[in-house]
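Thanks for coming. I will go through the contacts inside this model, and then the rings and the charges.

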Amino acid sequence: MSVYSQFDKELWLEGRGKAGFLAAHSSLMGHLAKEHAFGAELSVVYQTKGKKKWHKAYKYPTIGITTFFSTVGNSKVLGSYYGLFPFINLPLIKKEKFSLSTKLAAGLGYTDKVYDPIDNKSNVAISTKWNSRITIGLDARITHRNHYFSVGIDASHFSNAAIKVPNLGLNMPFMSLAYGHR
């Protein structure tokens, strides 16, 4: 019972809403961005406590796993995006009730619309349903007892590393708000 109690005190459930846009990083993509992108994440977050040497060396980061869903700004051509990825939040500033962290994440992404020379030739960004998803971001968090609120910015990239072309990839900057509960 005490092992579960200790583990429970270090585990958080987080919901995050995101808004952003498709950043057309090539002139070939100028036609793709039609609207804002909206997303949601659900994460299980573990607060490290110093059980390993690297926990203290990196100011007791949080680690976890996230499920992700997002529109991309052109549902007709680009579809919707889903993801599953582990992450680490490395604190830059860490106080008792406030932290500012950088977020690093990499995992799998899936889309329901890809390039097709007949049915979807406008999608020059993604040609495979399964892709990598990489994120780097900044997150400010205020904690009060068993709750936290955070605001963040991040940039996400979806790509298949050119295993099949066309594959310009998708770059999406996001702003987000989150609530976490322990």
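Start with L78, which touches L22, L32, V72, T111, K113, N123, A125 and L170, leaving aside residues up to four places away in sequence; contact here means heavy atoms within 4.5 Å. This is a predicted model, where local features need pLDDT of at least 70 and side-chain atom pairs count only at pLDDT 80 or more, while totals for chains, interfaces and linings use all residues. Residues are numbered from 1 along each chain as its sequence is written, and side-chain values use heavy atoms, with hydrogens and water left out.

L78 lies in helix α3, residues 75-78. Helices (H or I, at least four residues) and strands (E, at least two) are DSSP runs, numbered from the N terminus. L78 has a relative accessible area of 0%, so it is buried. Buried means under 20% relative accessible area, exposed over 50%, and partly exposed in between, with a 1.4 Å probe and protein chains only.

L78 also belongs to a core. The largest nonpolar core has 23 residues, and those with the most contacts inside it are L22, L32, L78, Y81 and L170. At least two residues of this core come from each of β2 (37-47), α3, β4 (80-94), β7 (147-159) and β8 (170-181). By nonpolar core I mean a set of buried Ala, Val, Leu, Ile, Met, Phe, Trp, Tyr and Cys residues joined through side-chain atoms within 4.5 Å. Y81 touches, among others, F68, F69, Y110, I126, F158 and L170.

Now the rings. The structure holds eight aromatic pairs. Rings of Phe, Tyr and Trp (its six-membered ring) pair if their centres lie within 6.5 Å; planes under 30 degrees apart count as stacked, over 60 as edge-to-face and the rest as tilted. One of the pairs is W12 with Y148, tilted, at 4.9 Å centre to centre and 50° between the planes. W12 is in strand β1 (residues 11-20) and Y148 in strand β7, 136 residues apart, and the pair links these distant parts of the chain. Y148 is buried at 0% relative accessible area. F68 and F158 are also tilted, because their ring centres are 6.0 Å apart and their planes at 35°. F68 lies in strand β3 (residues 62-71) and F158 in strand β7, so this pair ties together parts 90 residues apart in sequence. F68, Y81, F158 and F174 form one aromatic cluster.

What lies over the face of F68? R133 does, at 4.0 Å from the ring centre. The criterion is NZ of Lys or CZ of Arg within 6 Å of the ring centre and within 35 degrees of the ring normal.

Eight salt bridges turn up in a search of the whole structure, each a side-chain nitrogen of Lys or Arg within 4 Å of a carboxyl oxygen of Asp or Glu. R16 and E41 form one, at 4.0 Å, N to O. This pair links R16 in strand β1 to E41 in strand β2, 25 residues apart. E41 also forms a salt bridge with R133, with the closest N and O atoms 3.8 Å apart. Both E41 and R133 are buried. Through shared partners, salt bridges join E14, R16, K18, E41, K103, R133, D139 and D154 into one network.
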